[in-house]
Every structure is written in C-alpha cells, then in structure tokens.
Amino acid sequence: MESPLNHPSDDRFDIDGDTLHEECGVFGILGHSDAAALTALGLHALQHRGQEAAGIVSFDGRQFYAEKRMGLVGDHYTDPVLLAKLPGAMAMGHTRYSTTGEVALRNVQPLFAELGDGGIAIAHNGNFTNGLTLRRQIIATGAICQSTSDTEVVLHLVARSRHSSSTDRFIDAIRQMEGGYAMLAMTRTKLIAARDPIGIRPLVMGELDGKPIFCSETCALDMIGAKYIRDVENGEVVICEVQPDGSISIEARKAARAVPERPCLFEYVYFARPDSVVSGRSVYGARKRMGINLAREAPVEADVVVPVPDGGTPAAIGFAQASGIPFELGIIRNHYVGRTFIEPTQSIRAFGVKLKHSANRAEIAGKRVVLIDDSIVRGTTSLKIVQMIRDAGATEVHIRVASPMISYSDYYGIDTPDPEMLLANQHATLESMCKYIGADSLAFLSIDGLYEAVGGEKRNNKVPQFTDHYFTGDYPTPLTDLDGRGRNEPKHVSMLKEAG
C-alpha cells in the first residue's frame, strides 16, 4: 500500500508529474443483456478518473467472470472477443489510478472473493483513512492478503461479519471504514451502492431500459443514453436485487444519524468532467463562475485571456466575460502524448511541457497575456508554461488561478505530493511564488470566492459546506492511519513486487 505522499515521479520529464490525480471511477448495471458492453462504455466516459488500469466483473446466473487489464479502457474493452468473455445481465467495472497500492495487476479492481453464501465483487473510488490499521489487525488474526489495495480490507470484513444476509454483512463492513469512498458491490443477485457518511466522493444512480445503474459521474450515464435518477446520498446504501420472477427490487438504507453532506471541492475545480453534474451542480457552470469571481477579486490590465488547457478553459471563459478581455486559445494541447513515449535522455528533457502544450504564437506575440489555470500544485509546470508564452513573444504574463493555494495533503483518494513539495509551502510570500514561476503577477481565487462559485454562498467556517482540507487544513474525518507515525512515512505492507 504505497503512500500517496511517496508516489514516484521524475520532474525532469514526467509531463503529468505536476498535476493531481484521483484514484478511480466506478460503474455498475443490473439486469441488462448488454451489461458488460455498457459497463465498458461507462468506464470509457470515466477514463479521466484513472488511466493506469481497468477491470470488469460480470455474472451470468451461474458463475462470475473477470477481465482486468493495465492501461486504458479503449485499448482493451472495445474488442468484441474480450467482451464475449464477460457474459451475463449484471456487471460492474472500475478504472484506476493508484493512491494506495502499487501499480500491479493484482490491485486492479473489482476485487473478488468466494464467501460461504457465494461470490462477491467490490470496487471503490476514494481512500480509507483507517484501511492500513484495519489491514494490520486482520493480518494479525490470521488473514492472508493477496493485494495491497485497501479494498481488500472490505472483503475480509464482509467475510468475518456475523450477519446472515450479504447486504447486512456488507453494511457491517463499510460501517467500520473511515474516509471518503463511493463503493459498488455485486453478489449473485444484488448490485449494492454505498457512499461515505459525508459524501466526499460522488456516486449517482441512473436507469436504462428500466434497469438500475450506479456510476461516479453523470457523464457516464450520458455516454450510454441512460436517465439520471438521483445522487446516492451521503451515508446511504442502495440495494438492487433480482427477484425470482425477474423483477428488480430497490431498497435504500440510510445512516441512523444523518450528517450534512460535504462533497469534495476538487471535483468541481479539477476532477469531474465539465459536462457532469455533481451533487446537483453543473461542473462547467461552477468553473465558469470561478473565473468570474477570479476576475472580480484579481483584475489585471491585459490584451488576451488564455486558458491552460484543458482544465483552465471554463474558468478562462468566465474571466474573459467578467473582465471584457478577449478570450483566445493561446495554448494548443497535444492530446496524443503518452507519459513516457520516448526515452527521457538528457538531450530531449528540455522539451518537457512542449510535448503536451504548444504556444499559439499568432495570438500571443506582442500581447499582455492572462494565463488561467484551475490549480497549481508544485509550480514546475507553471514556470515552463510561462517561459513558453514569453518565448512566443508575450510582453507580459499574468497568472490567475481559479482555486486557492494547495497547502495540505489529501487522504481521501487524491494523489498529492509531499507537503513540502507544494508550491504554497516552498515560498513564504505570493511575491516569492510569482518570482519563482517567472510571471509578472500571480493571484489565486479566495476560498470564499470558490465556495460562492460552487455553492452560491461563502464558507461557513463553523460548519463547512464542502470538503476543502487541501486548502484549509480542515480534515472532515479521523486520520487513523496517521496516528503513531509521521505523515510522510511510507506504508510498507507487501514484500512482493510484480515483474513487468
């Protein structure tokens, strides 16, 4: 279980190393004859949530089938021969970016286990803040773990539960977990969806041809022409079960003591697709309002507003509308670049960001440019982009960031660098950050400006409406795994390193 604070990267060439990554996306459907194919399409829509691996498990009324692959969904699950290996009218899938657990096939979800009353497959998006603690406890009592994923802990807890029904055993297991998660489980007759008590990670319910669907974002429903029904509420467990007559029953169980929902702000800032609706709010609309508020908070005299693609585009549109400064695509993104498609020799390391972004000189030369980005993590990419814009002939470069400074690590499924590697913690003043990046000016959206853009009102400091610890240090749940060890200490739990 590799710590998200110690995820390996190479600043010299890693063109994605200065971005944040979310762990994964989930999709599941019950009772549809094209279950596996629809799951593959849904995962394709959720590809932005994880690009390292994908897996699908199906059930045909007799046995479970699993296919797991490293790489992109489209590289494998468009093959009819592969999909034919996943028969049945129920299926669930997962697309992964690892924040806990090494990059290895044994950690690719859904994870499956044989239980006394049949098999169960489980996949989740997010991170358990007590997963390592529980893992050590169950291993101490004789459990054998085959992966380094914290999802496996849930399987063990389900197996150990003394409840009789699979639903009650699953609920008993997740009630012991802390952190942020959206989880799907599949048995021989059930598709079960669960969301963490405060709703940090998103999960929605849809319907296609009268059959229930659960997925991480509404864009996956749009992909397959499904109807959005509602969000799974925070702390809620929804059980869909095939009855003997072929009908599907739907039961919702909620926590005895309801607490306010606190969805993750970074879903709106960066992670969710712009065409998704998260907790009833349009992601695209929220990002545009971030840009509008940013223009009001940090105005600047300039000739052109340029987004850092693709994340900064909606905010740049809002900034341009509010400021009256023309919007132009001053940076063109190359969408066909892999992380390491060429050997990173010394002679080509200098290309760095240019492999992914190119300056549109015709719209930049001789102009004062406002660069709009959704967030800044370490600042290494920002300084390269600023230099690229200057090399293209810009007379001034002003950076405006459509979110506050990131100052704290995340433990709920976002892969963040060591705290001391964050730009905000490397410099004592905004002026020092600006000088490091090489810009003429630098400004970030305030936390209240972000809250107003997403939720329509300023932050309630006594009862925050969103999860925002990466900006404020206000962690909404216990961080059990951090007790008794330093926050930067690696989580060594496995002696096995897979080849390949």
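Helices here are DSSP runs of H or I with at least four residues, strands are E runs of at least two, and both are numbered from the N terminus. This is a predicted model, in which local features need pLDDT of at least 70, side-chain atom pairs count only at pLDDT 80 or more, and totals for chains, interfaces and linings use all residues. Residues are numbered from 1 along each chain as its sequence is written, and side-chain values use heavy atoms, with hydrogens and water left out.

Select Thr151, Glu152, Val153, Val154, Leu155, His156, Leu157 and Val158, which are the buried residues in H4. Now show what covers them: the cover includes strands S6 (111-115), S7 (118-128) and S8 (179-186), along with helices H3 and H5 (166-174).

On the H3 side, pick Gly131, Leu134, Arg135 and Ile138; they meet Glu152, Val153, His156, Leu157 and Arg160 in H4, where contact means heavy atoms within 4.5 Å.

Finally, go to the cysteines. The whole structure has zero disulfides (cysteine sulfur pairs within 2.5 Å). Select Cys215: the nearest cysteine sulfur, that of Cys219, is 7.5 Å away. Cys215 is buried, with a relative accessible area of 0%. Cys264 also counts as buried, at 1% relative accessibility.

How values were computed
Buried means under 20% relative accessible area, exposed over 50%, partly exposed in between (1.4 Å probe, protein chains only).
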